[in-house]
Amino acid sequence: MTRYTLNITPFVEATPAGVDMGDAPGTDSAITVTTRYIELGGTPWIPVMGEYHYARDDESVWERELRKLKAGGVNIVATYSIWILHEEIRGERVWHGNRDLRRFVELAAKIGLRVVARIGPWVHGETRNGGFPDWLQALPIQHRTNDPEYLELVRDWYRDIGTQLAGLMHSVDNPDAPVIGIQVENELYDQPAHLDTLRVIAEEVGLRSSLWIATGWGGAQLPANRLMPVYAGYSDGFWEEADIEWPSFGKLHFTFSTERDDLSVGADLRTFAAVGAATDYGYPYVTCELGGGMQAAYHRRPLVDPADVAALALTKLGSGSAWQGYYLYHGVVQQPGVLSGTQESHENGYPNDLPLIDYDFFAPIGSHGQVREHYHLLRQQHLFLEQYGPTLAALPATIPTGLDDGPRWSVRGDDNRGFLFVNNRQPAAELLPAIADVQFEARFVNGPVVVPAEPITVPADSYFLWPMNQSYGDIPSLTATVQPITELDGPVGRVALFAAIAGIPVEFHLAGRDRADVAGPVTIEDTEHGLLVRLTAEPGPDTVVTVGSTSLVILDPASASRLWRGSVAGVDTLLVWDESLIFDDGVTLFTNHPASQLLTFPRLNNSSGRLREIGTSPLFTRYTVAGPDDARVQDVSLVSPASGQVPVRLGGSSGRLSAPREADYDHAAIFRIDINSQDLDEGDQWLLRVEWTGDVGRILIDGDVVSDQFWSGRAWDVDLTPYRGRLAAGITVQALPWQPGSEVFVDARVRPVSRAPVAEIRSAALLSIRAIPAIPAAEAPQR
């Protein structure tokens with residue numbers, strides 16, 4: 001047995017950061033900055049921020065998709081204003097349609113989301129010229145400096161953004177306004193005076209913000225006290241070379257650490273070596289780009305797993321993160337312009353070739369609104385932060401050193417209590433093994449906490465947090481081997497929900513309660529510190545242990561990841577639902593299955609009859625929900641096989657493999673998928689899901705390219721809903737074959753082993769996603 005011990009650093013209260021930002025005294029819901037966390041209305045706050053680019057999606061879906069962000073536990077939406085998408089042609093600046101920044105921000109406010117505006121002028125975002133229009137890039141000026149001619153152009157750009165955001169910026173006079181943060185520039189490392197000038201100009205033209213931020217990675221030099229640094233953490237990167245299996249920076253983000261800066265992010269665009277910034281930060285640990293997935297470039301196509309995203313996010317929390325920001329949280333599509341594509345490419349001098357259209361990023365929410373497994377895994381963490389964030393934010397992290405052969409763990413705590421974090425997961429290229437005979441001891445100033453009671457094996461691929469000496473309802477002190485999720489008032493007393501960890505027995509250490517107070521499927525043992533309560537039943541929605549008037553619900557991992565919480569007709573409601581939903585005064589469920597099960601607490605007022613009640617448990621009521629037919633398999637015909645071979649080309653600023661050119665598609669295999677548009681019910685969203693293998697592919701409808709993909713082993717989803725009336729001639733798929741011996745990086749788990757070129761479609765299925773307004777706002781749950 002190995003008992004891993006950690007002396008918890010004596011607790012010291014955070015102090016005001018002493019920076020030139022934060023709301024004026026007397027502001028309602030004032031946002032202020034301390035050395036450890038952000039305060040909202042005087043309370044410590046750990047925001048959850050998700051990146052979603054308004055101009056790269058259709059305005060008709062903004063409200064629905066923003067509600068998905070909110071339902072996923074996001075409370076801030078970050079968005080770029082990308083200059084080239086607003087003013088590709090000089091003097092023809094557009095702020096309407098998909099470019100309507102004001103309407104997007106107003107919708108966010110309506111839904112209850114705050115906003116961080118990333119206003120550039122240079123944004124990167126895998127955009128042509130970093131977001132500069134070609135006309136701006138071509139001007140004989142010193143871009144991204146204090147060149148007066150450049151600054152006048154920026155002033156005009158910022159002035160227009162200020163006009164769009166007028167009345168929407170949080171302030172003492174407008175405390176309910178949504179815009180609380182503004183980021184200037186992006187990945188600018190050695191121009192602190194210029195960054196400060198950008199803030200000055202923004203304020204001069206009317207932009208106001210509680211928080212002013214700039215990217216801090218790459219050892220960025222920022223003007224002291226004027227811009228708060230925000231950081232990144234990715235599990236993999238398309239910007240690395242094609243011969244690298246897993247980048248060297250990867251381990252940093254799966255290991256608890258006080259190191260915030262990843263020098264590799266943006267390194268492919270720097271012309272000098274980065275030097276790490278000082279570690280005495282003076283600001284809370286704020287992230288804006290925790291990788292929500294990863295985009296594929298032509299030369300390198302990482303295959304990030306959902307659990308990689310969730311494990312990385314939890315590791316950052318255990319490292320002291322005070323702000324969880326994801327890039328991208330919602331996938332989008334590149335917007336081909338009138339003059340050119342608007343994606344980063346070799347043609348415009350970048351080291352990487354990106355697809356013309358695809359910018360899905362394998363984000364938690366896909367570019368067509370698909371919710372993925374990591375959306376659910378992250379929501380479980382976000383529910384924790386919504387409930388317990390004010391407690392966690394104030395707690396500094398204590399991190400062991402020299403544990404290369406032991407578990408990766410940390411404790412965020414004060415002198416008496418805290419949360420224990422463990423991560424035993426990192427990407428498939430370097431999986432971590434199970435660790436046997438593990439027991440943890442956190443030595444708080446006021447006494448040690450040992451958990452579990454007996455040594456356990458920490459399973460491979462596991463990542464979790466446990467409470468230590470935390471109070472729940474009328475339980476004064478609880479330590480447990482389950483992960484806290486959320487809590488609310490129940491029929492009698494408080495209800496606290498926890499997630500069991502696969503492969504780890506469930507136990508609770510209770511202090512301040514008697515044996516007679518405990519009931520449920522458990523064994524109870526007296527110890528010198530209180531009661532040791534071990535669960536004897538399988539975790540699940542029906543598994544409840546009561547301690548006095550407090551109910552502890554121990555969910556299995558699958559149910560825990562499908563737990564939702566939101567207001568339904570003004571009533572705080574829990575739901576267990578496998579697919580997607582949004583809260584819209586009532587609740588709307590999304591499903592692509594003919595029959596699904598829904599659990600709710602409290603019981604719903606189902607007067608509309610849309611749900612069929614099938615049973616109750618100690619907490620939840622069960623219903624079945626009728627939906628559309630299962631996915632329909634479509635016939636795929638090969639019109640013509642691939643011919644010849646596309647030449648291998650190198651290009652860009654780093655001499656990397658280049659994507660095929662337009663003329664190369666003359667050599668592509670051509671497939672046809674026939675779809676009867678009369679089968680596509682009005683009101684449903686229709687996704688075509690193609691499982692295929694090749695190098696690159698694109699899909700055409702009526703001769704127009706509507707989607708493309710650099711193959712990486714993932715399914716290829718295409719939203720057919722906008723094209724419902726244009727499918728009579730069928731769908732054409734052009735696929736260039738994967739070549740044996742290709743030097744393109746594709747994950748070894750999916751890389752073809754064939755000695756012949758491969759261009760194949762294994763299946764094509766049509767998915768109907770139906771929105772079911774299960775509980776309109778008028779039908780409140782029953783308390």
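This briefing covers the overall build, the nonpolar cores and one set of paired strands. The model is predicted: local features need pLDDT of at least 70, side-chain atom pairs count only at pLDDT 80 or more, and totals for chains, interfaces and linings use all residues. Residues are numbered from 1 along each chain as its sequence is written, and side-chain values use heavy atoms, leaving out hydrogens and water.

**Overall build**
- The protein chain has nine helices and 50 strands. These are DSSP runs, numbered from the N terminus: helices are H or I with at least four residues, strands are E with at least two.
- Along its principal axes, the C-alpha trace spans about 80 × 60 × 55 Å.
- Buried residues make up 63% of the 783 residues. Buried means under 20% relative accessible area (1.4 Å probe, protein chains only).

**Nonpolar cores**
- A nonpolar core is a set of buried Ala, Val, Leu, Ile, Met, Phe, Trp, Tyr and Cys residues joined through side-chain atoms within 4.5 Å.
- The largest core has 168 residues, and Tyr-158, Leu-207 and Phe-508 have the most contacts inside it.
- Apart from that core lies another, of 37 residues, including Tyr-665 and Phe-671.

**Paired strands**
- Strands pair if DSSP finds at least two bridges between them.
- Strand β30 (residues 544-547) runs antiparallel to β27 (residues 518-519), joined by two bridges. Ala-519 has Thr-546 as its bridge partner in β30.
- Four bridges join β30 to β31 (residues 550-555), also antiparallel. Here Val-547 stands opposite Thr-550.
- Two residues lie between the strands of the β30 and β31 hairpin, where Gly-548 takes a positive phi near 65 degrees.

Notes
Buried < 20%, exposed > 50% of the residue type's maximum accessible area, 1.4 Å probe, protein only.
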